[in-house]
Amino acid sequence: MIPLSHYLVLGAILFSLGVFGALTRRNAIAILMSIELMLNAVNLNFIAFARYLPQTLLQGQVFAIFVITVAAAEAAVGLAIVLGLYRNFKTVNVDEINLMKW
Amino acid sequence: MTLQLAIFYVVAAFTVWAAAVVVLGKNIVRAAVALIFSFCGMAALYVLLDAEFLAAVQVLIYVGGITILLLFAIMLTSRIASKTARVVNDQVILSAMVAVGLLVGLIYASTSGLVMTAAPPLLPETSPFLGRALLTTYALPFEVVSILLLAAMVGAIILARKE
């Protein structure tokens with residue numbers, strides 16, 4: 001049997017990669033992809049804990065389903081916002097969009 | 001080393017490689033395709049964790065839905081053939097420090113805490129149990145999430161529509 005910590009370390013690596021991408025990428029869609037990566041890492045942790053803790057109500061898996069749903073909603077609205085940005089600014093690089101900066 | 005552990009290492013290395021291409025790759029389309037591979041690897045890990053239903057949901061929603069949406073958005077917003085000069089902003093070093101610090105902290109927390117090597121016995125059938133739980137114990141969050149999905153759908157249509 002694979003120890004639980006293996007899954008947790010893998011989730012930590014994927015989450016840190018996602019954090020790095022979300023902080024450094026210029027393209028707004030790449031930032032969204034990094035956020036999806038982070039949400040997936042969290043899901044992996046939820047499901048690993050759901051497997052290794054005593055299974056009474058499968059709370060981890062149910063929570064992972066809700067996370068996936070919210071991630072889908074977030075991707076749809078986020079990409080609609082990116083399309084709106086592109087229509088108004090002709091760019092999706094977030095460091096060139098400084099309308100609300102002073 | 002058991003077979004299961006070997007499979008875990010192979011799938012984990014594949015997933016981390018694909019995620020690294022997503023985050024560090026210069027070409028945005030290549031990053032999106034690598035994201036598909038990363039999601040597939042994650043689905044394989046879910047199967048290893050005896051969560052078959054979630055593995056299927058992962059493939060359907062992430063691989064079949066979200067990445068296709070991302071690819072459409074990429075094609076609508078960027079000139080794919082053109083080479084962009086920079087894909088990262090000017091706070092790379094600071095962000096790398098934050099990410100590495102977070103990684104060290106998370107790995108310390110997940111290896112020094114509780115040690116679990118053996119899983120408890122599996123429920124006889126996971127997917128029917130999950131379906132029943134969603135409609136009985138978790139009925140209220142289930143309904144709230146469906147309202148959230150409806151609101152997100154309407155909002156996305158209104159935001160993306162041309163006047």
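Two residues are taken to be in contact if their C-beta atoms, placed from the backbone, lie within 7 Å. By that criterion, residues 24 or more positions apart account for 50% of the contacts in chain A with a separation of 6 or more, and for 51% of such contacts in chain B.

This is a predicted model, in which local features need pLDDT of at least 70 and side-chain atom pairs count only at pLDDT 80 or more, whereas totals for chains, interfaces and linings use all residues. Residues are numbered from 1 along each chain as its sequence is written, and chains are lettered from A, with ligands numbered from 1, in the order in which they are written. The pLDDT, which is the predictor's confidence in each residue from 0 to 100, has a mean of 89 in chain A, where 99% of residues reach 70 or more. Within chain A, confidence is lowest in α3(A), at a mean of 91, and highest in α1(A), at 93.

**The two chains**

Helices (H or I, at least four residues) and strands (E, at least two) are DSSP runs numbered from the N terminus. A residue counts as buried if 20 or more other C-beta atoms lie within 10 Å of its own, as exposed if 12 or fewer do, and as partly exposed in between, with C-beta atoms placed from the backbone.

| Property | Chain A | Chain B |
|---|---|---|
| Secondary structure | three helices, zero strands | six helices, zero strands |
| C-alpha extent along principal axes | roughly 50 × 25 × 20 Å | about 55 × 45 × 25 Å |
| Buried residues | 56% of 102 residues | 23% of 163 residues |

The radius of gyration is taken over C-alpha atoms, and the globule rule is 2.2 Å times the number of residues to the power 0.38. For chain B the radius of gyration is 20 Å, well over the 15 Å that the rule gives for 163 residues, so chain B is more spread out than a compact globule.

Chain B is divided into domain 1 (1-80) and domain 2 (123-163), with bounds that come from an automatic or database domain assignment. The C-alpha centres of these two domains lie 22 Å apart.

**Interface and core**

The contact between the chains takes 62 residues from chain A and 71 residues from chain B. On the chain A side, the elements that give two or more residues are α1 (4-24), α2 (28-52) and α3 (59-89), and the largest share, 20 residues, comes from α3(A).

The largest nonpolar core has 71 residues, such a core being a set of buried Ala, Val, Leu, Ile, Met, Phe, Trp, Tyr and Cys residues joined through C-beta atoms within 7 Å. Those with the most contacts inside this core are A:I29, A:M33, A:I47, A:L79, B:V22, B:Y46 and B:L70. The largest share of the core, 15 residues, comes from α2(A). Domain 1 and domain 2 of chain B both give residues to the core, so it lies between them.

Two residues illustrate the packing in detail. Leaving aside its neighbours within four places in sequence, B:L70 is in contact with A:I29, A:L32, A:M33, A:L79 and B:A32. A:L83, found in helix α3 of chain A, is buried, with 20 other C-beta atoms within 10 Å. With neighbours within four places in sequence again left aside, A:L83 is in contact with B:A73, B:L76, B:T77 and B:A160.
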